[in-house]
Amino acid sequence: MKTIKDVAALSECYDLLVIGAGPAGMAAAATGAEQGLSTLLIDENPAPGGQIYRGITTTPVAAKETLGADYWRGTDLVRDLTASEATYAPETTVWSVGPAAEGPSDPGRMEVGVSVGGAARLIQARQVIAATGALERPFPIPGWTLPGVMTAGGAQIALKTSGLVPDGRVVVAGSGPLLYLLTAQLRAAGAKISVMLDTTPHENWGRAIRYASDFLRSPYLGKGLKLLLGAHRGMRIVRGITAIEADGDSRVRSVRFRHGSKEEELPCDVLLLHQGVVPNINLANAVGCALDWDDDQLTWVPQTDEWYETSVKGFTIAGDGAGIGGAESAALRGRLAALGAGHRLGRLSAKDRDQMAAPVRTELMRAGRGRRFLDVLYRPAKAFRVPKADDTIVCRCEEVTAGKLRETVALGVAGPNQMKSFLRCGMGPCQGRLCGLTVTELIADTRGVSPNEVGGYRLRPPIKPITLGELAALPKTPAAIKAVER
Amino acid sequence: MTQNSAIRLESEIAVIGGGLVGSATAYGLARQGARVLMFDEGDIAYRASRGNFALVWVQSKGLGMPEYATWTKASAEQWSTLAKSLRDDTDIDVAHHQPGGFILCLSEAEMEARINAMRRLHNQPKMVQYPYEVLDHDETKRRLPAIGPDVVGSVFCPLDGHVNSLRLFRALHTAIARLKVDYRPNSPIESIKPDHDGFLINGPWGQARVQKVVLAAGLGNARLAPMVGLHAPVRPSKGQVIVTEKAAPFLHHPMVTVRQTDEGGVMIGDSQEDLGFDTVVTPPVISLMAQRAVRMFPLLAGLNIVRTWSALRVMSPDGFPIYDQSQSCPGAFVVTCHSGVTLAANHTLTLAHHILEGTLPASLEAFSSRRFHVSSAA
Amino acid sequence: MFRRLPDLGGETVNFTIDGRPATARLGDTVAAALLASGMESCRTTPVSGAPRAPYCMMGVCFECLVTINGIGNRQSCLIPVAEGMAIETQKGARSIASEYSAKGDAA
């Protein structure tokens, strides 16, 4: 592996450009390079691993049992990547992907806008694999913008990369396997968690039970049981939570919650929120990939074929960015995506591709067993997706509340793009990452139609920040001069 | 959709199009007590209104049609009345400011071309007179301290201003909702048929019977106009726009291509491309726009871009608006322009009144689409 | 709000927060360094002036924006802390005018 930290050192064109160095991206880059494709792996973090294996080569948390065996499994992926011929560009962002306008035109050739250390450049790629992973589902409750309220994943990153644990009175709230995993990790690291507020709706158990037999034969079972059992010991767990509110002035001071008919308030210094992860589709959306609403995972999922190629030719999405499947599944899907790209580039015959893919697909089937049970069981409650309290902030950047959104739907605003014009929601620096799903579901709920009918924000580049100065330095064309200098 | 499930509507006037032109006109009609139905498309539409640059702009407009300069100046002059009316009706401040605007020139050639254009504009017969100043670098720098050394000079006009166009859009929709305009989103129009005392409007949603119809459907007017004996040969003109993160106020006047919004973001715009309905953002174009903006104001270089987009202007063959009443189907009007913000005041406060009266005044005759027949015959 | 696990070892990095000296562990992002230093909020919003602090730690929420070495609105969760770094918390919208003039004075 060759590491590049200078935008000028990148080649003009790569056979394969992989975006994101999590499990899917690392596997895709290694698999691509193995086929002899000139492969570039771009990642915005300083070290490989993505979020799930964040800091795997650098973490100061030496005691293996703190982060657990599943975390350390990422070591194999890093080893394969390091041994490969791929080029790796850390601390580098991709801010646009579009069709290549000029130069040799093979189908699917793309122009990719990259930025390293304050300098932007456009390079080309014959195939692009976006391994942009997942992000935590928005958790809009009153007070979620207060300092001291963080995502559970955020706290996990602080632990993995810096050996930091939340201090004082720590409350974790929400639902889903990652919440229990993080709680176990934090407690193993010595954090004192005063209470876990479990928002998993009681009725989910009834719905999930019919998928339980698959789950019982799945690799999730052992891990899940251990986490749940571990979680019980020495910590208060309140189940069936139906409302949560963070209170405080300059930071969170207390958390109020309701379970059954009871309301309680506890002092709190750190509140960690989590209710599952959803595909990070910002790049796919800006590229123009067709997206579908997935009613099980309650999120947008890009349409892909069996090699994870999207509706945009040459643009493939591997891993959780194409639908949540977890780290193991992501790595396998990364390999399949790279085999698909290798075939489209003429490097692999269909037969070789399929032969190499067969064992990976078998593994993928195994890794996905039980997923459906988890999806149904931990499908987050509506009260935490479509906030009832009108003063709850939905768009954190522009500070747009649920009440304002509902009021504007009543004017006849039918979808999120018109909503953007009316209220600026989704127009801040996060570009709708933290409010997109909520806005879609809230409009759908208020109008009484499906999220699919409402649609989502339409995004445009740059999907990562670049400065005007960086943009200004890019090459111009005669057509551009004609369009601008009149 | 079957006819059985379809809705039937009755109203005095239908406005087709819920963008800035349609909603400003509907607001004017409803303020005078008319019963108005307003049809609109859904969440994804071409929507020139969402791509506008939010200028209320006077200088440089009307070369080739002095009546357009008169009309534009009149709208700029009554813009504060519109802003006040909206504030009174909705409590929404649309941030209308008229501090005067600049066109900055980045070379001697640009400066010369600009001065010549202004001279030709103001030398036209029947041209309305208003003040403007040609400024050299030093005087421009005195008034706009943030400019860079590449700015050769500028033209300043005290009539120019800007608004918060998103808030304008929301204010108009809020106002018409309060005035009981029946707003129908997701309601495309398939046909409009003259029918003894009025018109029958059909769409997949059902049918509406109205006495008058106003076509304010932007690029959709090209298709709808012939249904009622009108002519609106409009085509798309692509404009790309950049907007940055919010910054503390540093730019207190609008430029024709750069402005800081009242919320802090900086908008950079005004590319023009004739590429049909293509709305892809292209790096070379936005790069050049960014470069020119940074040459004008070097302090912009470090500002992060939050979003870029492109929208389609609604362009007639000569670039000027079309206001017309059908001769074969009286009661059918067409309203189309690419300056929906600048002209919003006229649309609400002047045009709506004439539409209700049923005759467009002689002062608007120049905007009839008959001018296109004349020029094609010549 | 956060404390460091004991016995992590590693090299120490010196930096400043609003002019006050602080230390971090080499490999920390700026956001992690701020959390470890006991900082409560890193900025106030340009919309309402409400205080905010790092939220996602993975570059998606843009809550952890701070001024680093004179440049505003940097995503502190993506930037490794470095020796001598000058970090400033932000109040409201970034002032490019003062950033620019400070840069001119320094040059």
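Visitor: Which residue lies over the face of A:Trp144, and at what distance from the ring centre?

Guide: Happy to start there, with the reminder that this is a predicted model. The residue over the face of A:Trp144 is A:Arg396. Its distance from the ring centre is 4.7 Å.

Visitor: What kind of aromatic pair do A:Trp144 and C:Tyr55 form?

Guide: The rule gives twelve aromatic pairs over all chains. For A:Trp144 and C:Tyr55, the centres are 5.8 Å apart and the planes make an angle of 80°. An angle over 60 degrees counts as edge-to-face, so the pair of A:Trp144 and C:Tyr55 is edge-to-face.

Visitor: Where in chain A and chain C do the two partners of that pair sit?

Guide: This pair crosses between chains. On the chain A side, A:Trp144 belongs to the loop between strand 8 (134–136) and strand 9 (149–151).

Visitor: Are A:Trp144 and C:Tyr55 buried or exposed?

Guide: Both rings can be described with one word. A:Trp144 and C:Tyr55 are each buried.

Visitor: How many residues apart are B:Phe102 and B:Phe156, which form a tilted pair?

Guide: Their ring centres lie 4.8 Å from each other, with 50° between the planes. B:Phe102 is in strand 4 (residues 101–105) of chain B, while B:Phe156 is in strand 6 (residues 153–157) of chain B. Both phenylalanines are buried. The pair links distant parts of the chain, and its two members are 54 residues apart.

Visitor: Which residue lies over the face of B:Phe156?

Guide: B:Phe156, the partner of B:Phe102 in the tilted pair, also has a charged residue over its ring face. At 5.4 Å from the ring centre, that residue is B:Arg143.

Visitor: Which residues form one aromatic cluster with B:Trp71?

Guide: The cluster is made up of chain B residues. Together with B:Trp71, its members are B:Tyr323 and B:Phe367.

Visitor: How many salt bridges does the rule find across the interface of chain B and chain A?

Guide: At this interface, 48 residues of chain B are in contact with 43 residues of chain A. The buried area is about 3900 Å², with 59% of it from carbon and sulfur atoms. A salt bridge joins the side chains of A:Glu398 and B:Lys246, at 2.6 Å from N to O. Across the interface of chain B and chain A, the number of salt bridges is three.

Visitor: Why is strand 10 of chain B largely enclosed by the rest of the structure?

Guide: Strand 10 (residues 198–203) pairs antiparallel with strand 9 (residues 191–195) of chain B over five bridges, and a hairpin through two residues joins them. Strand 10 also runs antiparallel to strand 11 (residues 206–215) of chain B, again with five bridges. It is largely enclosed because its buried residues number six of the six.

Visitor: Which residues stand opposite B:Ile201 in the strands on either side?

Guide: B:Ile201 is in strand 10 of chain B, and its counterpart in strand 9 of chain B is B:Ile192. In strand 11 of chain B, the residue opposite B:Ile201 is B:Ala208.

Visitor: Which residue of strand 9 of chain C is the bridge partner of C:Arg43?

Guide: Three strands of chain C form an open, mixed sheet in the order 5-4-9, with strand 5 (51–52) and strand 9 (90–91) as its edges. Strand 4 (residues 43–44) pairs with strand 9 in the parallel sense over two bridges. The partner of C:Arg43 is C:Gln90.

Terms used
Residues numbered from 1 in each chain as written. Chains lettered and ligands numbered in written order. Predicted model: local features only at pLDDT ≥ 70, side-chain atom pairs only at ≥ 80, totals over all residues. Heavy atoms only, no water. Pairing = 2+ DSSP bridges. Helix = DSSP H or I, 4+ residues; strand = E, 2+ residues; numbered from the N terminus. Phe/Tyr/Trp six-rings, centres within 6.5 Å; stacked < 30°, edge-to-face > 60°. Buried < 20%, exposed > 50% of the residue type's maximum accessible area, 1.4 Å probe, protein only. Lys NZ or Arg CZ within 6 Å of the ring centre and 35° of its normal. Contact = heavy atoms within 4.5 Å. Buried area = accessible area lost by both parts, 1.4 Å probe. Salt bridge = Lys/Arg side-chain N within 4 Å of Asp/Glu carboxyl O.
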